[in-house]
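Thank you all for making time this morning.

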Amino acid sequence: MNVLLAVDNVRVARQLEAGLLKAGHCVEFAETGRKRIFLAAIETYDAIIWNRNLPGRIAGIGVVSTLRSSSSEIPILLISEPAAASERERDQIDGRADRDDDPAQFAELLAWLDVLIGPPRGWSPDAGQRYESLRSGNRERIRAQTRLEETESMLAQVQRLSETESWWWNIETGEISPALKAGAMFRILAEGSPKQTISGLLDAMHSDDRARVSAVISAAIEERQDFDVQFRIVDEDAVRHFRTVGERRRNESGDPYYLCSSMDVTGRERRKEALRRAEAEIAHLARVHALGKFTSSIVHEVNQPLSAIVTYGTAALHWLHRDHPDVDEASIAMNRIIRDATRARDVVTRIRRLSKNGLPQKSRFSIAEIIEETLTLLARDLHTRHITIEYAVSHALPEVSGDRVQIQQVLINLILNAIEALEAVHSQIRAITVLAETVNAGQLRVVVRDNGPGVAHDARERLFEPFFSTKDEGLGMGLSICRSIIQAHNGALALLSTEEPGAAFEFVLPVTQTA
Ligand SMILES: Nc1ncnc2c1ncn2[C@@H]1O[C@H](COP(=O)(O)OP(=O)(O)O)[C@@H](O)[C@H]1O
Ligand SMILES: [Mg+2]
């Protein structure tokens, strides 16, 4: 048989040649691993012995892949230097090479050559049969191997396309490993990473996420549950978001492990972030627009204490300039100046807060306080329009958690809508009722009701659509913004259907759990 010996190490090559010649084979040499030589070799030779580390690569396992993709079934033996022992072991476990031998073990190597390409001469029919069956078994194995490789590469492509990566997590040892080699969405799952452990993964996370993720997975282990968690991986200043689900399983020996799948949701998170910004921007514009509608109230709210300050200041001077200055009376006037200056400053602070642009900020606050503040801000407008306010708010209401400015914006929008609706009312008292109460223990309910003309039947469905307005100068954004704000606070906003004339809008918010 003709054997191609693609081995550059002269010592090894000579030894092999001697052995092969002795066994009656013909031997030719190739010293570099060029693909052309290799493909030509398939036509010419009965077997190939290829050095894994042959210069000019095609080296190593690439030979086998190229060979299999050429659909040739020519037997191939990979040999390698002892230094590459670990690599050799791996490829053999994977079944990628027919045989991968230490060149020192020539006897065994030659025996394998016998099995793969048959004895060179003087072979008995019995040996021939054995050889044939081995060879066809080998063919089967190669086919199965090819199918497996195809499936694996397809799965890898699916992973890449769906931006997911699957990995195992050995709970006992803490080791994690990619389920498919082609993965490595996380750097630490990439081949050769020294930190393939769950704590290595936690280290790679954004520091703000670590404690939370650690708590989630510890709880999952404790409760023998699956888990679903999202975190950010920081990789050379780039931040990527991953949603990871872990399914608890057991191996053959009954030890639990997690099969995890991580999906790159960075794009989705970025879009969400952009949307949040755009929404905040629109909400801000709408707030400024709404502020413009009650400037007379605002001006009044600031002017009133300022006028009072002037009056008390004059009085204080008066008490001090008397022949016998009355310090007590002057002090009283001074205290009133301070009180009113504080009031004016508070109004300005509130207006500034409402007119400021920025992303939502979470805090805990009292809804009663916001309602009162809002009614104070709107007081002048309510007064000049002869609107009476009925106000039923319990001060013992639990706090809500969320963005204070946004919730106030909802109240302002609802009350402004009520004020605008009441413009159509001339024959009776104009009234707005604001009610706040706890319902179902965990929820807070706020209702803004007016006795205006109410909402036309065909408009009921469309009220919350952006840009829907029945007003000549309406933006139509008020209710749509209100609804998205309330929804972002895990609540709900709706128009109530009432028997009474007028309109009533209700929003319900979850109440902050007091720890
Ligand atoms: N209290 C109310 N009474 C009657 N109709 C209302 C009331 N509040 C809202 N609407 C109706 O809903 C529409 C949308 O309201 P909104 O989104 O605040 O936009 P805008 O106030 O700019 O018109 C209004 O144009 C009006 O037809
Ligand atoms: Mg409006």
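Let me begin with helix H10, whose buried residues are Ser297, Ile298, Glu301, Val302, Pro305, Ile309, Gly313 and Ala316, where buried means under 20% relative accessible area, exposed means over 50% and partly exposed lies in between, computed with a 1.4 Å probe on protein chains only. Before I go further, please keep in mind that this is a predicted model, in which local features need pLDDT of at least 70 and side-chain atom pairs count only at pLDDT 80 or more, while totals for chains, interfaces and linings use all residues. Residues are numbered from 1 along each chain as its sequence is written, chains are lettered from A and ligands numbered from 1 in the order in which they are written, and side-chain values use heavy atoms, with hydrogens and water left out.

As for the chain overall, it has 14 helices and 17 strands, these being DSSP runs numbered from the N terminus, with helices (H or I) of at least four residues and strands (E) of at least two. Of its 515 residues, buried ones make up 41%.

Returning to H10, this helix has 26 residues and reaches 37 Å from its first C-alpha to its last, close to the 38 Å expected at 1.5 Å a residue, the expected span being 1.5 Å times one less than the number of residues. The cover over its buried residues includes H9, H11 and H12, with contact taken as heavy atoms within 4.5 Å.

That brings us to H11, which has 29 residues and spans 41 Å between its first and last C-alpha, close to the expected 42 Å. Its buried residues include Ala330, Ala333, Ile337 and Asp340, and among the elements covering the buried residues of H11 are H9, H10, H12 and H13.

How do H9 and H11 cross? Their axes come within 8 Å and cross at roughly 140°. H9 and H11 are therefore oblique to each other. In this contact, His284, Arg287, Val288 and Leu291 of H9 meet Ile351, Leu354 and Ser355 of H11.

Now for two loop residues. Glu163, in the loop between helix H6 and strand E6, has a positive phi of about 50° although it is not a glycine, and at 41% relative accessibility Glu163 counts as partly exposed. His386, in the loop between H12 and strand E12, likewise is a residue other than glycine with a positive phi, near 55°, and at 63% relative accessibility His386 counts as exposed.

Leaving aside residues up to four places away in sequence, Asn451 touches several others, among them Leu422, Val425, Pro501 and Gly502.

Methods
Axes are lines fitted to C-alpha atoms, for helices over the stretch in contact, and angles run from 0 to 180 degrees between N-to-C directions. Angles under 35 degrees count as roughly parallel, over 145 as roughly antiparallel, 65 to 115 as roughly perpendicular and the rest as oblique.
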